[in-house]
Amino acid sequence: MKSLLSALVLTAALAGPGAHAADSFPQPYDTGKNGNAPMSAEDSAKSFKMPPGFKVSVFAGEPDVRQPIAMTFDPRGRLWVAENYTYAEAGVLFATNLSDRVLIFEDTHHHGHFDKRTVFYDRAKILTSVEVGYGGVFLMCPPRLLFVPDKNGDDIPDGEPEVLLDGFTTATDSHHTFANGLKWGPDGWLWGRVGITSKARVGVPGTPDAERVPMNGGIWRYHPGRHVFEAVSHGTTNPWGMDWNAEGEPFFINTVIGHFWHAITGAHFERMHGADVDPHSYALIPQHADHYHFDTGAGWTKSRAAQDGSTFAPGSDNLGGGHAHTGLMIYQGDNWPAQYRGKVFTLNFHGRRINMENLERDGSGYVARHAPDFLTVGDPWFRGIDLIEGPDGGVYIADWSDTGECHNHDGVNRSSGRIYKVTYGDPARPAFGDLTKLSNEQLLPLLTGSNEWAVRQARQLLATRTALTGKPAISIQTLTSEFDLHRDLAARLRVIWALNAVEAPGTDWLLDRLQGPTRDRDEQIRSWAARLLAERFQELPENAPPEDRRRRAHWGIDPAWPKTRKPFLELAATDPAASVRLTLASLLPKVPSGSRTELATALIRHAEDATDHNLPLMLWYGTEPLVSAKLDTGIELALASEIPTVRRFIARRLAEEIETDPAQIDSLLKAAMKASPAARIDFLTGLGEAWQGWRKLQAPEGWSAFRNSVAGVADAAVSAKVAELDLLFGDGSALDGLRAVAADTSADPATRRNALHTLLQGGASGLAPVLKRLADDNPLRADAMVGLLQIGDVEGPAIAIGRYQSIVADERTRVLGALVTRPAAATALLQAIADGKIPRVDLTPFLARQIAGLGDPDLTARLTSVWGAVRATDGDKRAAIDRFRIQLSAPRLRDANLARGRQLFTQTCAGCHTLYGEGGKVGPDLTGSGRASLDYLLENIVDPSAVVPADYRMTVVTMKDGRSLNGLLRDKTERTLTIQTPTERTTVERREIESVEESTSSMMPDGLLESYPPDDQRDL
């Protein structure tokens, strides 16, 4: 009878407009190559290692659930699961011939395993998340956010999905880091995440491109009632997990770079690659953890897994198992012991475990400190991807259950998937039951209870009822009275959020939390009152300029602002809490423009915030639009600021406009004479950063007096910067002084090197004799040889080649990089290789490709004769992969010389790639890549251009002086381009560039393995 009822329920669900008939759902298929099967779900559960008293049950497993990518709960206590079948292996990316679906699981008997399963929707594509509320279900299906209506809650869609937002574009050459994650925040908004390669431009359907919000990595939120979309923060790599602490602060987890981040509104965070959406952000905020989960200092050989991948070396295991994280939960339930409440738990994807963090206050924000791992899993197929807290305080873990890391170079196994439930002992069935059956008044006690699941569900249910009926579900008087009853901070915050959920708190009530005798004692209450007030500021008028629309979701003259202005200014000036100042800094873009300057001025006067983790850059992000809009405002702010970062960046921003508005720099330099010596040095630094790469510039009117005011500072960096700018301004005495410093063998080598670099960067004439003398000066010899090749001196190639054997490895790398930038020098290099003066193996495939790219047929023919062919057809590459797969068999790899392999990696790869914290930052970090898979390695090394994100595609810059620079385009301004090669980071002026060609090829060249003998291929 139970089976018959389940079948009837499933048939009814499939019959609705949102589902297919059961036999029309495309049957998922496996493409995995290893032929192995996973452990049973029960055996996998037995492999969990947890603290005493904890137990794990299989809540659901295949075939009832497969490929679970995200989970959520509804107020009835039912688990909603997004199944993703369209995610595919490399080369396919997304199998759109398949469909994704949403399932509902119920455990009506409360025994840790579902006993009822319903298919709600089965026509999704690229489904990454699901959330319930507002009389329906929200689905993230990049490039769209969908809403499937189900007002009567019968689990049958009322109609076709509505497109709420679009523009979450997924890169055509990547199936990583796309938009994901839907979760209700305490502010009543629906929050989500987007990865670094998405290049999203988001808006409601029909929004013109100029008015869309750009996002290439970060956190966003959307208000379903107001239909407003906002970018919360920008940056990181691939955020794939999020939660809020008891104070309502949002945190998210990330892969590849720093793992833990405080999602501060308006923040621009460090990125794995690519440029920030704002070209004037200048610097990015690092992660909010004091540690990593892999060994960044001991070297990669001490951190890798055992040869068979079954165990982790102590260096990695003790630190947390790896860099890739998915899912984040701050435990706030009442089942696990009290010692775990408020701790951060995140799934470590490659480490097959749950990492635990202690979340502590730190300045204006928080820091996560490493705690012992909470749980490890012995199942090699375990790929934990999401974890959430359930009604009884138990924690549910979604296991994607596959092999091949997250890159799936060995195919996708769609037949597997599990959901586990981790509890402490046997939790009691919650007394509140199905929340949808409770009246609004009956929900009230749950809003301030100890069970966070019930708190959030009750609040969201009240928000839904308010939205559907058009009137507050609970009166403001009831909730404000509840606020006054409580002394506990957590309870009072929850009441404020409930007030916001039912759209009840009045402006005056919120203002009372900020001022006068009712000013609240708790900094978190003051912060939240300010945030909710800022949401009331009038939205942009329809005729607002597009740039203002992008910068400010709420800007203009708000009827409530006259009341809000004074309390905000008082808070900015006098509030003792750095967290309140951080909140105000994050709200600067929402403050009406006429008052934003005075609020910013009050905030940047706090010298105590100068070394805070967040505030210096947050204050810059908030003031930059003011400086850009009105340069003379920037001078006022620069002189008022007690934050060095703000002073420096204002000077930089003003200096960037010297050709269009030179009077502003003159004014800044004159005004700076009244500033402190420290402030003048900050201004100097900002000027140097703005004019990096420039060759000639007329000195600003106030330069001479300003220069003299800082030139006497006994600091080598300051002196070098003054000399650099003197040279830029054509000061002949500066040129003589720099030459003297560079030639002074008794001076500090770093100071001499800076002087020589300044001479070269400034294009100083007559340098060849100086450089030839320095070519035999040990500290500067490599710099001198590179300089001779850079200026095109005819004797440069012979000098560099003649001294090649006497210089060390890193110097050789730089010299070789300079030899391949001009045809004449490259010809001399090939002759030296042919003559045996330079080892053939030293000419890396990248350098060989650079020679081929010079476009000289005779030179290319010589390259082929001396070194070998550079380019291969697709057929050649496939044949090479098949050949290497046979040659590099498991028995042969077991005989590898690992020490030699490390040496080859350092020589060949470390200039561009980081592995366990060591190496370059040009290409992707290899720490968490699929290095355990031979197929993964071969496909990426033999054919690196097959799938390459735009940020790693090579740019070829041909200079008017005959040089050719091949590398990654790292930065560009109206006047300069910055190119990163494996050996140098070079900034050049656009007027000196002949052409710029953006290639579709990876910066990593073909043929890397073929350049080595068989044993070296094996060892590498």
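Mentor: Before we start, "buried" means under 20% relative accessible area, "exposed" over 50%, and "partly exposed" in between, using a 1.4 Å probe and protein chains only. This is a predicted model, where local features need pLDDT of at least 70, side-chain atom pairs count only at pLDDT 80 or more, and totals for chains, interfaces and linings use all residues. Residues are numbered from 1 along each chain as its sequence is written, and side-chain values use heavy atoms, with hydrogens and water left out.

Trainee: Okay, why is Arg 352 called buried?

Mentor: Its relative accessible area is 9%, and the cut-off is under 20%, so Arg 352 counts as buried.

Trainee: Where is Arg 352, and what is its phi?

Mentor: Arg 352 sits in the loop between β22 (344–348) and β23 (353–362). Strands here are DSSP runs of E, at least two residues, while helices are runs of H or I, at least four, all numbered from the N terminus. Its phi is positive, about 50°, although Arg 352 isn't a glycine.

Trainee: And what makes Leu 93 buried?

Mentor: Same test: 11% relative accessible area against under 20%, so Leu 93 is buried. Leu 93 lies in the loop between β4 (79–83) and β5 (100–106), and has a positive phi of about 70° despite not being a glycine.

Trainee: Which peptide bond is cis at Pro 63?

Mentor: The one joining Glu 62 and Pro 63, with omega about 10°. Pro 63 belongs to the loop between β2 (54–61) and β3 (68–73).

Trainee: What about Pro 143?

Mentor: The bond from Pro 142 to Pro 143 is cis, omega near 15°. You'll find Pro 143 in the loop between β8 (136–141) and β9 (144–149).
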